[in-house]
Amino acid sequence: MDWGFIFERTFSAMIGVEVMVYALAAVGLNVHFGYTGLMNFGQAGFMAAGAYGIGVTVYWMQWSFWWGVLFVFVYGAVLALLLGIPTLRLRADYLSLVTIAAAESIRLLARSRVMRPITGGVEGVNKFAVTFYDISPFELGKFYGFGPFKYLGRDLWVLVVGWTILILATLMVQQLMRSPWGRTLRAIREDEDAARALGKNVYYYKMQALMVGGLIGAAAGCIQSIQKSSVQADTFNSVITFTIWTILIIGGPARVWSPIVGSSIYWSLIVFVENTLRQLPAGTRDSLERAIELSDFNISMLRYILVGAGLMLLARFRPQGIFGSREEMALDRR
Amino acid sequence: MAGAQTAAAQISDDLGVIGQLQYQDANGNKVFVEGVELTIDGVGSSTTDAEGKFRIPVSGPGEYEITLNIETLPSGVALKDATRGTIVANVSENNDQRVIFALIEGDSTTVSESNFSARRIGQLTLEGIKLGLYLAMAAIGLSLIFGTTGLVNFAHAEMVTWGALMTYFFNVYGLVGAIGLLAGFPAPLGGPVNFILATMLSMVAGAVLGYLLNRVIFRTSRDAGVSLLAQMVMTIGLSILLRYLFVYFFGGKYRSYSEYGAQRANVFFGLELTTRDAVAMAISVVVLVVVGFGLTTTRTGRAMRAVSDSRDLAESSGINVERVIAQVWMFGGALAALSGTFFGFDTVKWELGTRILLLIFAAVTLGGLGTSFGALVGALIVGIAINWSTLVIDPELKNMTALFVLILALLLRPQGILGKKQRIG
């Protein structure tokens with residue numbers, strides 16, 4: 001087994017594109033769930049909104065890339081509004097039902113035959129990120145080395161921009177949550193009736209939180225689609241949403257840096273496990289394949305099994321996350 | 001493509017559009033049609049073999065328009081619906097996509113029919129009722145679990161899938177399929193059993209799964225004082241865990257039971273229904289009526305409804321609440337298994353339940369979360385609404401109707417049709 005290779009992969013995964021995208025989506029979910037207590041089970045839907053927001057406007061409608069980016073935010077906010085209106089006055093579990101249903105419907109709609117002229121159906125949209133790569137200060141095809149890691153200029157550019165946005169978003173959330181607005185959100189999370197009794201319009205605050213978190217989720221989807229230079233409906237399935245949930249709970253909800261920490265831990269764990277299993281000596285692999293059907297395909301399914309088991313065990317035994325404090329944990333209180 | 005896409009793409013080493021051309025002659029015998037040419041523009045073509053089979057390999061998932069060359073049909077054989085000579089095959093990552101060209105002896109009969117004809121609406125209503133009945137069996141369990149414990153069980157869809165998989169398993173392998181040592185024992189230990197017995201075993205397996213989930217996971221959580229929202233997140237984790245354990249052990253392939261495959265539809269008053277579906281619908285009605293009577297007249301059923309209404313009142317009047325909850329989970333599991341078995345008539349696959357989760361949620365919300373009869377009413381309405389929606393929207397999008405029903409219900413009557421106002425708090 002090539003441990004050097006495995007560790008190299010694992011360490012480079014810790015700051016990779018996936019970590020950045022999922023962390024950003026989790027920053028949004030943190031605003032929803034961590035700070036406001038909203039059970040958004042459709043973050044993948046917001047990511048899809050971001051991805052299609054840029055893909056469709058730039059590729060089909062020939063908008064300039066920057067108008068497309070602006071549209072992503074408008075679209076994310078509108079989606080939050082549409083989901084919030086019927087649900088935010090009701091008990092928490094109704095929002096979860098509607099968001100999971102809406103996210104799945106967005107995926108179905110985007111991949112459908114009817115929408116094909118707009119969304120490209122199952123093949124999706126591409127060729128919309130050219131402007132982004134044109135302004136790259138790095139040579140797209142050249143390798144840049146940092147110690148043991150090497151990045152293609154194209155990926156490096158995405159990473160630099162993505163991490164900058166992620167850090168800015170995190171700092172923004174930090175400041176927001178220290179403001180009176182953020183304190184109100186937390187008050188709503190802790191006791192909605194008390195917040196209402198103090199004259200706060202709970203519905204509007206929840207709606208604003210849903211929009212802010214949704215915008216950040218849409219930005220994550222937008223960056224992901226730019227990195228892949230394509231948008232595909234099936235990338236935004238419900239498992240993605242719950243991977244983000246797992247990441248948030250690993251890091252600890254309602255903590256500013258938890259999305260980044262959680263995402264980094266999650267992805268390095270997944271990459272480590274998958275690469276180790278793939279690198280097993282042939283004999284061990286064969287006997288594992290016979291005993292527990294550990295085929296190549298099943299190794300790639302393991303990450304979802306780990307997400308499921310991890311989410312269940314975390315919610316049960318450590319809802320405050322690995323680093324979180326029980327005092328700041330909404331999940332446990334209701 | 002990375003992540004989930006890569007994983008999915010690995011299934012697709014060998015994709016194609018497949019099918020088998022056949023028709024029934026005057027005596028009701030199957031006749032395979034040989035030598036018919038089928039083409040996907042720009043991809044390839046295939047000519048049917050002696051068994052009427054064809055296969056056109058494609059390079060990846062996507063939508064392909066496949067055309068049957070009518071000129072190559074033998075004389076005296078025609079497309080049942082002359083407008084359906086070109087159909088769209090939506091090839092997914094998982095498997096060959098089967099397309100069906102309906103052929104008949106003689107001339108094409110179905111002339112293009114007005115969208116809103118009484119016959120079409122009748123047919124859609126019938127299919128809606130069928131969907132609604134199957135859904136209802138899944139929805140009642142979900143609603144009762146919510147009623148008795150306050151928990152929205154997102155893993156309920158996997159209990160539906162479990163039913164289909166278990167029926168398939170007993171019907172095609174028997175227990176020996178999992179435990180090789182049982183070879184030589186009589187069925188169901190050592191071999192497959194017929195579909196009806198397999199369904200019963202599957203319902204038992206569903207009840208066992210329900211019991212275990214409650215006993216091992218959710219009862220211990222309740223005892224430990226884990227909050228309802230945390231438990232809800234646990235059901236999500238459980239749902240993903242089960243779903244991918246299914247794909248791990250069952251594979252991504254689509255399969256079907258060894259009996260009751262595609263049947264020829266019977267026609268009553270212009271409405272088409274296969275005998276299989278008619279029987280399944282009748283069984284569903286009987287089961288639902290029995291459930292209804294059980295809930296209203298038997299001691300256990302009344303206890304279930306009492307706990308749903310008010311846990312504290314029920315407990316103080318001497319009902320063993322934990323026992324009732326265990327019964328509800330078993331009962332919900334068995335019903336979900338039966339529902340999954342019926343949904344599996346077309347294809348048995350690992351994500352069968354996940355695809356109808358949206359519909360189940362819409363049904364229980366519309367009927368009123370926590371009310372068992374509401375779930376039944378909601379399921380029927382959702383089933384019919386979804387099928388009617390195909391009058392105006394593409395059938396591919398019909399499940400989205402459930403989302404609209406869900407949102408409309410929340411806007412207009414959030415407590416549901418049969419729900420009580422205080423439930424929505």
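Which residues is Ala209(A) in contact with, leaving aside its neighbours within four places in sequence? Ala209(A) is in contact with Val31(A), His32(A), Tyr35(A), Thr36(A), Leu38(A) and Leu185(A). Contact here requires C-beta atoms, placed from the backbone, within 7 Å.

This is a predicted model: local features need pLDDT of at least 70, side-chain atom pairs count only at pLDDT 80 or more, and totals for chains, interfaces and linings use all residues. Residues are numbered from 1 along each chain as its sequence is written, and chains are lettered from A and ligands numbered from 1 in the order in which they are written.

**View 1. Ala209(A) in its helix.**
Ala209(A) sits in helix H11 of chain A. Helices (H or I, at least four residues) and strands (E, at least two) are DSSP runs, numbered from the N terminus. Ala209(A) counts as buried because it has 28 C-beta neighbours inside 10 Å. The burial classes are buried (20 or more other C-beta atoms within 10 Å of the residue's own), exposed (12 or fewer) and partly exposed (in between), with C-beta atoms placed from the backbone. C-alpha to C-alpha, Ala209(A) and Ala101(A) are 20 Å apart in space, and they are 108 residues apart in sequence.

**View 2. H3(A) against H11(A).**
Helix H3 (residues 43-60) and helix H11 (residues 202-228) of chain A have axes that come within 6 Å and cross at roughly 55°. Axes are lines fitted to C-alpha atoms, for helices over the stretch in contact, and angles run from 0 to 180 degrees between N-to-C directions. The angle makes H3(A) oblique to H11(A). Angles under 35 degrees count as roughly parallel, over 145 as roughly antiparallel, 65 to 115 as roughly perpendicular, and the rest as oblique. The crossing of H3(A) and H11(A) is right-handed. A crossing is right-handed if the near helix is turned clockwise from the far one by less than a right angle, and left-handed if anticlockwise. Among the H3(A) residues that meet H11(A) are Phe46(A), Gly50(A) and Gly53(A). H11(A) contributes residues including Gly214(A), Gly217(A) and Gly221(A). The contact of H3(A) with H11(A) has ten nonpolar, nine polar and no charged residues. Ala, Val, Leu, Ile, Met, Phe, Trp, Tyr, Cys and Pro count as nonpolar, Asp, Glu, Lys and Arg as charged, and the others, Gly among them, as polar.

**View 3. Two loop residues with positive phi.**
Most residues other than glycine have a negative phi. Ser229(A) has a positive phi of about 55°. Ser229(A) lies in the loop between H11 and strand E4 (230-231) of chain A. With 17 C-beta neighbours inside 10 Å, Ser229(A) counts as partly exposed. Ala254(A) also has a positive phi, of about 65°. Its loop runs between H12 and helix H13 (258-278) of chain A. Ala254(A) counts as buried, with 26 C-beta neighbours inside 10 Å.

**View 4. Chain A meets chain B.**
Across this interface, 50 residues of chain A are in contact with 47 residues of chain B. On the chain A side, helices H4 (65-87), H5 (92-110), H12 (238-251) and H15 (296-317) each give two or more residues. H15(A) gives the most, with 14 residues. By class, the chain A side has 27 nonpolar, eleven polar and twelve charged residues.

**View 5. H3(B) against H9(B).**
Helix H3 (residues 156-172) and helix H9 (residues 321-343) of chain B pack at about 60°, with axes 7 Å apart. That angle makes H3(B) oblique to H9(B). The crossing of H3(B) and H9(B) is right-handed. Contact residues include Trp162(B) and Met166(B) of H3(B), and Leu338(B) and Phe343(B) of H9(B). The contact of H3(B) with H9(B) has nine nonpolar, eight polar and no charged residues.

**View 6. Leu135(B) and the nonpolar core.**
The largest nonpolar core has 203 residues. Such a core is a set of buried Ala, Val, Leu, Ile, Met, Phe, Trp, Tyr and Cys residues joined through C-beta atoms within 7 Å. Leu24(A), Leu135(B), Ile360(B) and Leu406(B) have the most contacts inside the largest core. Helix H5 (residues 228-250) of chain B gives the most to this core, with 14 residues. Not counting residues up to four places away in sequence, Leu135(B) touches residues including Ile356(B), Ala379(B) and Val382(B). Leu135(B) of H2(B) is also one of the residues that meet H10(B).

How values were computed:
Two residues are in contact if their C-beta atoms, placed from the backbone, lie within 7 Å.
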